[in-house]
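Please read it alongside the sequence and the model.

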Amino acid sequence: MPKITLEKAIKYRTVFVLRYPLLDYLPAMPDIMESRPGRDMWEPTSPIAFFAVHPSNRKNLVPIAIQMDVKPGSPVYTPKDNALWTLAKLSVQGADLGYNQVAEHLAKTHLLLEPFCVSKDRQLSERHPLHQMIKYHCRGISITDKLAFKLLLGENGSLHKLFPYGYLGAVSIALRAFRQTSWKDTDFLKNIKVKPL
């Protein structure tokens, strides 16, 4: 990577930031998986990752720095930090996994679609054109939600075992995502449109 100032990198669009505002300041939960005394679950974090591309070869996106949390004073690690850099990358991957599973999948797929699926079954004849259009999108939604909700978001459910923010944090993320979702988010063609540089 050429050595250029941050201002030039921003101007030439060679630096990018990955941020998860929905993960900011989530509550910590006790670790139900660890029975050894003196070991605590890692506090929930909302890491900020910085990436760059080479100005003349924009094909490779390279991580260059990671701030471990949004909280002021959180440490920032770079590839020069060896093992701490690996830990920082794992933190980003964990945040990405939690964000995608809870905010994008659970909130914006299951919770967003379920009212339409319930209304389809309660209000529309099976011969109604809307019923016919929606039924394939609703296949398995209500059953999955009913069965999986307690398994995932229950007090000692899967999300409580997987993430340091546990079921309370997962519910917070889902609610934050759901409240921020609008009809504009469902425009698939607009969401995948590539913007010119």
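A search of the whole structure, which is a predicted model, turns up 3 aromatic pairs.

**Aromatic pair Phe116 and Trp183**
- Phe116 and Trp183 pair edge-to-face, with 5.8 Å from centre to centre and 65° between the planes.
- The angle counts as edge-to-face because the cut-off for that class is over 60 degrees.
- This pair links distant parts of the chain, its members being 67 residues apart.
- Phe116 belongs to helix H2 (residues 83-123), while Trp183 sits in the loop between helix H6 (166-180) and helix H7 (188-192).
- Phe116 is partly exposed, at a relative accessible area of 38%.
- Trp183 is exposed, at a relative accessible area of 64%.

**Aromatic pair Phe163 and Tyr165**
- The ring planes of Phe163 and Tyr165 lie at 10° and the ring centres are 5.2 Å apart, so this pair is stacked.
- Both Phe163 and Tyr165 are buried.

**Second largest pocket**
- The volume of the second largest pocket is about 270 Å³.
- Its lining consists of 15 residues.
- Trp42, Ser91, Gly94, Ala95 and Pro164 are the lining residues that lie nearest the centre of this pocket.
- Helix H2 gives the most to the lining of the second largest pocket, contributing 4 residues.
- Sorted by class, the lining has 11 nonpolar, 3 polar and 1 charged residues.

Definitions and conventions: Residues numbered from 1 in each chain as written. Predicted model: local features only at pLDDT ≥ 70, side-chain atom pairs only at ≥ 80, totals over all residues. Heavy atoms only, no water. Phe/Tyr/Trp six-rings, centres within 6.5 Å; stacked < 30°, edge-to-face > 60°. Helix = DSSP H or I, 4+ residues; strand = E, 2+ residues; numbered from the N terminus. Buried < 20%, exposed > 50% of the residue type's maximum accessible area, 1.4 Å probe, protein only. 1 Å grid on protein atoms, 1.4 Å probe; cavity = no way out; pocket = protein on both sides within 12 Å on 5 of 7 lines; lining within 4 Å. Points joined across faces, edges and corners; volume = space filled by probe spheres on them. Nonpolar A, V, L, I, M, F, W, Y, C, P; charged D, E, K, R; others polar.
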